[in-house]
Every structure is written in structure tokens, then in C-alpha cells.
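Here are my notes for someone opening this one for the first time. Keep the picture beside you and go point by point.

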Amino acid sequence: MEATGFVQVAFLLPGMPKRYGLTVIMLGRPGSGKGTQAFMLAYKLSARAFGTGELLRGLAREKSFLGKKVDGLLAKGNLVPSWLASFVWIRELGKVQPHEPLIFDGSPRTLGEAKMLDEVLLWYGRAKRAVFLIDISPRESLRRLKNRRICVGCKRPLFLRKGLDVARQCVNCGGRLIRRSDDTPLIIRKRLKIFEKDLTPVIKYYRSQNTLRVIDGQKDQGSVSQEIFNIAKRWNKKS
Ligand SMILES: [Zn+2]
């Protein structure tokens, strides 16, 4: 494996623990299943998983000025400013030990955030990193999100199928199912446009560092999960 600039710089920093935890970054179009895959991988690796979207939606539920402002942005399908997205995960990162494996779901969203994330990870002493792109077409993304419902209890997604759209309860915990406020066709199209514009340079950036692995997201959830786990396991063993 070719050494990347990222790793070379990391080895120069003094006072780092000998064994770092792997940092995994999950990228993919809305509806690619990256949240579910992050959750499954976190379980298999005993890793922490951060969903930036989930952290921001938590913020949006707060009755503060900030909460209301974030709520308004998310409901329109707009991105929150980079500094705010970064703030929520930098705050979470401080609670994690350097040896613990860690998974980012939904971040970085722009090239600026990707570069900042590198800087922050390096500062925290986390040099090992694997980036997965769970690849689905824009058409598949639209199809999935139109039929997606979220459980208010366990927050898991459920996809309605023809003839089964009477489902009102979560199969996992019996919780009530709701449509996310940004899962409407108009807003999904907007989110897809944002993905093409902002994530294309991010993907290019990670590809140039030789840390990007593209996974076929049209395959079933179990195979996708196994493929990701096999790669992550290998990377996690590296010292
Ligand atoms: Zn549930």
C-alpha cells in the first residue's frame, strides 16, 4: 500500500499512543443505507458511530434559537453551515479514546469539511482511516427515500413496499413510523443535487489519498455489511 501524505505527517507527531483506533467514514447518496451500515459496523467492531444528521436533528429539537434555526434549514433540505456540522462532531470526538474505533456517518459533506476533519483527526492522534462510498444511482436514491419511514422509538428506517404501505408500526420496537420532513420528492431532488456538487470533490480527494473503497449499494444489506466489515477489519489491524 502506498503511503499517503496523511499517514506520513501523522508519524511525525510526538506523544501519540502506539495503537490508534481505526476511523471509518461512510459516504453515499441519501438512502444508500450508510446510516444502517454504520450502525452494523459499529456493532461488529465495538466502535462508536456518529451520525452528523442525527446529531443535528437532535439540535433541531431543542427549543433554543439555534435549535429553531437548524430545524428551519433541515426542513427545507438546506445544508447547515460547515462550522456548525464540524462543531457537533468535534464535540463528540472529544469523548472518544484514541484507541477506540470510530465511524462517521454523513460527514464530511464538503471538501472543506474533509480537510478540516483530517486536521482534527490528526490532532487527536487518529492516523488510520478508511473511507467507504456506498454507491447507489440517483434514481435508486429517489425511489428508496420516497418509501422511507423512520421509527420515532429506535430511529431505524423502514422501507414501504407496494401493498405493504399500511405498516404503521416499527417491526423492531413497535414504535410509530413517521416520514422525515426532508424525505419529500422535491427536497430529495435538492439533496441529490447538493450531493453531486459537494461530494464529488470529497470523493476525488479521498481517492487521491488511496483510502477510498467503493461498495455496490444495490446489493442486499447483508452482503454490503460483510464486504465493509472485511475491509475495515484488515485496516483496523494495521499499526
Ligand atoms: Zn422502532
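1. Helices α5 and α6 cross in a right-handed way. This is a predicted model, so read every point below with that in mind. Helix α5 covers residues 82–93, and its axis runs 11 Å from that of α6, at an angle of about 25°. Angles under 35 degrees count as roughly parallel, so that is the label α5 and α6 get. On the α5 side, the contact is made by S82, A85, S86, I90 and L93, while α6 brings G112, E113, M116 and V120. Sorted by class, the residues of this contact of α5 with α6 come to 5 nonpolar, 3 polar and 1 charged.

2. Next, have a look at α2 and α9. Helix α2 takes in residues 34–45 and helix α9 residues 221–237; their axes are 10 Å apart and the packing angle is about 50°. The pair is therefore oblique. The crossing of α2 past α9 is right-handed. From α2, the residues involved are T36, Q37, M40, L41, K44 and L45, and they meet Q221, V224, S225, I228, F229, A232 and N236 of α9. The contact of α2 with α9 has 7 nonpolar residues, plus 5 polar and 1 charged.

3. One further helix pair is α7 with α8. Helix α7 spans residues 138–146 and helix α8 residues 185–208, with an angle of about 145° and axes 10 Å apart. Here, too, the crossing is right-handed: that is how α7 passes α8. P138, S141, L142, L145 and K146 come from α7, and P185, I188 and L192 come from α8. In the contact of α7 with α8 there are 6 nonpolar residues, 1 polar and 1 charged.

4. Which residues have the most contacts inside the largest nonpolar core? They are V24, M26, L41, I103 and F132, in a core of 32 residues. Strand β4, residues 129–135, gives the most to this core, with 5 residues.

5. Now for the overall picture. The protein has 9 helices and 8 strands. Of its 239 residues, 32% are buried. Among contacts with a separation of 6 or more, 74% are between residues 24 or more positions apart.

6. A few backbone details deserve a check by eye. S107 and P108 are joined by a cis peptide bond, with omega about -5°. P108 is in the loop between β3 (102–105) and α6 (111–123).

7. Two residues other than glycine have a positive phi. For S46 the value is about 50°, and for N210 it is near 65°. S46 is in the loop that runs between α2 and β2 (48–51), whereas N210 is in the loop between α8 and β8 (212–216). Are these two buried or exposed? S46 has 9 other C-beta atoms within 10 Å, and 12 or fewer counts as exposed, so S46 is exposed. N210 counts as partly exposed because it has 13 C-beta neighbours inside 10 Å.

8. Last, two arginines in loops. R19 lies between α1 (5–12) and β1 (23–28), and with 10 other C-beta atoms within 10 Å it is exposed. How far apart in space are R19 and K238? Their C-alpha atoms are 8.9 Å apart, although 219 residues separate R19 and K238 in sequence. R161 is placed in the loop between β6 (157–159) and β7 (177–178). R161 counts as exposed because it has 9 C-beta neighbours inside 10 Å. Its C-alpha atom is 7.2 Å from that of N147, and R161 and N147 are 14 residues apart along the chain.

How values were computed: Residues are numbered from 1 along each chain as its sequence is written. This is a predicted model: local features need pLDDT of at least 70, side-chain atom pairs count only at pLDDT 80 or more; totals for chains, interfaces and linings use all residues. Axes are lines fitted to C-alpha atoms, for helices over the stretch in contact, and angles run from 0 to 180 degrees between N-to-C directions. Helices (H or I, at least four residues) and strands (E, at least two) are DSSP runs, numbered from the N terminus. Angles under 35 degrees count as roughly parallel, over 145 as roughly antiparallel, 65 to 115 as roughly perpendicular and the rest as oblique. A crossing is left-handed if the near helix is turned anticlockwise from the far one by less than a right angle, and right-handed if clockwise. Two residues are in contact if their C-beta atoms, placed from the backbone, lie within 7 Å. Ala, Val, Leu, Ile, Met, Phe, Trp, Tyr, Cys and Pro count as nonpolar, Asp, Glu, Lys and Arg as charged, and the others, Gly among them, as polar. A residue is buried if 20 or more other C-beta atoms lie within 10 Å of its own, exposed if 12 or fewer, and partly exposed in between; C-beta atoms are placed from the backbone. A nonpolar core is a set of buried Ala, Val, Leu, Ile, Met, Phe, Trp, Tyr and Cys residues joined through C-beta atoms within 7 Å.
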